[in-house]
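Dear colleague,

I am handing over the structure below, together with notes on what was found in it. Please read the notes with the structure open beside them.

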Amino acid sequence: MTPSASEDVDVVLPCLVDVVLPCLNEAEALPWVLSRIPPGWRALVVDNGSTDGSADLAREHGATVVHEARRGFGAACHAGLTAATAEFVCFCDCDASLDPALLVPFVREVLDGEADLVLGRRRPQGRGAWPAHARAGNLALSLMLRRRTGLRLHDLGPLRAARREALLGLDLTDRRSGYPLQMVVRAADAGWHVTEHDVPYLPRSGASKVTGTWRGTWQAVRDMSRVLAERPAVPAAATAQAQTAQAQGGPRR
């Protein structure tokens, strides 16, 4: 964890923030993840059918639990987004691979009007943090995204922040592995300013549900390729909401 991130943990921003944490059997990681939620922020743990007591454990650690019966990473993320009520919404994996405290400067960047969507570019820390097949899939998708949108991003990582109303205005429909990519694609189509910043990526707790195997990675790439093949179709509301948010946040530097 970087020094700046450590300092940001104790900073209370003048806004309400909900952190969506999609969860499927993450009891081992939950205590650490929830302990890293910045002061004053609300953790929304979206239980996606856990059988290890994750939901009860999350409640014991002060999180609000949302149940989503439909399996799928996108289904869990969107259930959290629709359950959120704060002005700003963040997303973070619930497997202890990413520190939610790192989201503080992300939210500040959106709050100040310097970006509409902020992403974390994962930088693996130690062996096994990011398997070769998962990195290869991510690289391929980043290049495909660049051709589709012009965005020069290096990662489609799950650590991200944006305004809730603007995100809802994107009318996201994918409920599988393509959800994170669809968010970026539709944000780009709506003219959003998207930025990314390096974040430490730690070895996760437990087995990955998406990219833990070559097969899982291939399925994720297939889901995301389908998203990239969609014709641009972003509701006008998404563009208008982003423009309004930018005006409220002030000029970008």
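D155 and R122 form a salt bridge, their closest N and O atoms lying 2.8 Å apart, where a salt bridge is a side-chain nitrogen of Lys or Arg within 4 Å of a carboxyl oxygen of Asp or Glu. This pair links distant parts of the chain, since D155 sits in the loop between α6 (132-149) and β6 while R122 belongs to strand β5, 33 residues apart; helices (H or I, at least four residues) and strands (E, at least two) are DSSP runs, numbered from the N terminus. D155 is buried, with a relative accessible area of 1%, and R122 is likewise buried, at 13%, taking buried as under 20% relative accessible area, exposed as over 50%, and partly exposed as in between (1.4 Å probe, protein chains only).

Please bear in mind that this is a predicted model, in which local features need pLDDT of at least 70 and side-chain atom pairs count only at pLDDT 80 or more, whereas totals for chains, interfaces and linings use all residues. Residues are numbered from 1 along each chain as its sequence is written, and side-chain values use heavy atoms, with hydrogens and water left out.

A search of the whole structure finds 8 salt bridges. One of them joins the side chains of D56 and R59, at 3.1 Å from N to O; being 3 residues apart in helix α3, the two are separated by about one helical turn. Both are partly exposed, D56 at 48% relative accessibility and R59 at 41%. Another joins R164 to E165, with the closest N and O atoms 3.2 Å apart, and here R164 is buried, with a relative accessible area of 17%, while E165 counts as partly exposed at 42%.

Turning to the sheet, 7 strands form an open arrangement in the order β3-β2-β1-β4-β6-β5-β7, with mixed pairing; two strands pair if DSSP finds at least two bridges between them. β3 and β7 (194-201) stand at the edges, each with a single partner strand, so one side of each is left without a neighbour in the sheet. Neighbouring strands are turned by 25° against each other on average, direction ignored, where axes are lines fitted to C-alpha atoms, for helices over the stretch in contact, and angles run from 0 to 180 degrees between N-to-C directions.

Helix α5 (residues 104-111) packs on this sheet, touching β1 (17-23), β4 (88-91), β5 (117-124), β6 (160-163) and β7, and its direction makes about 30° with that of β6; contact means heavy atoms within 4.5 Å. Within α5, the residues V104, F106, V107, E109 and V110 are buried, and the helix is followed by G113, whose phi is positive, near 80°. Helix α8 (residues 179-189) lies across β4, β5, β6 and β7, running at about 135° to β5.

What surrounds strand β1? 7 of the 7 residues of β1 are buried, so the strand is largely enclosed by the rest of the structure. From β1, V17, V19, L21 and C23 point one way and D18, V20 and P22 the other. β1 runs parallel to β4, to which 4 bridges join it, and pairs with β2 in the parallel sense over 6 bridges. V20 has F91 as its bridge partner in β4 and stands opposite L44 in β2.

Strand β2 (residues 42-47) pairs with β3 in the parallel sense over 4 bridges, and V45 has V65 as its bridge partner in β3. Leaving aside its neighbours within four places in sequence, V66 is in contact with L44, V45, V46, D47, A79 and A83; the C-alpha atoms of V66 and D47, 19 residues apart along the chain, are separated by 6.1 Å.

Finally, the largest nonpolar core has 39 residues, and those with the most contacts inside it are V19, L21, L34, W41 and V107; a nonpolar core is a set of buried Ala, Val, Leu, Ile, Met, Phe, Trp, Tyr and Cys residues joined through side-chain atoms within 4.5 Å. A second, separate core of 36 residues includes A79, V184, M224 and V227.

With best regards
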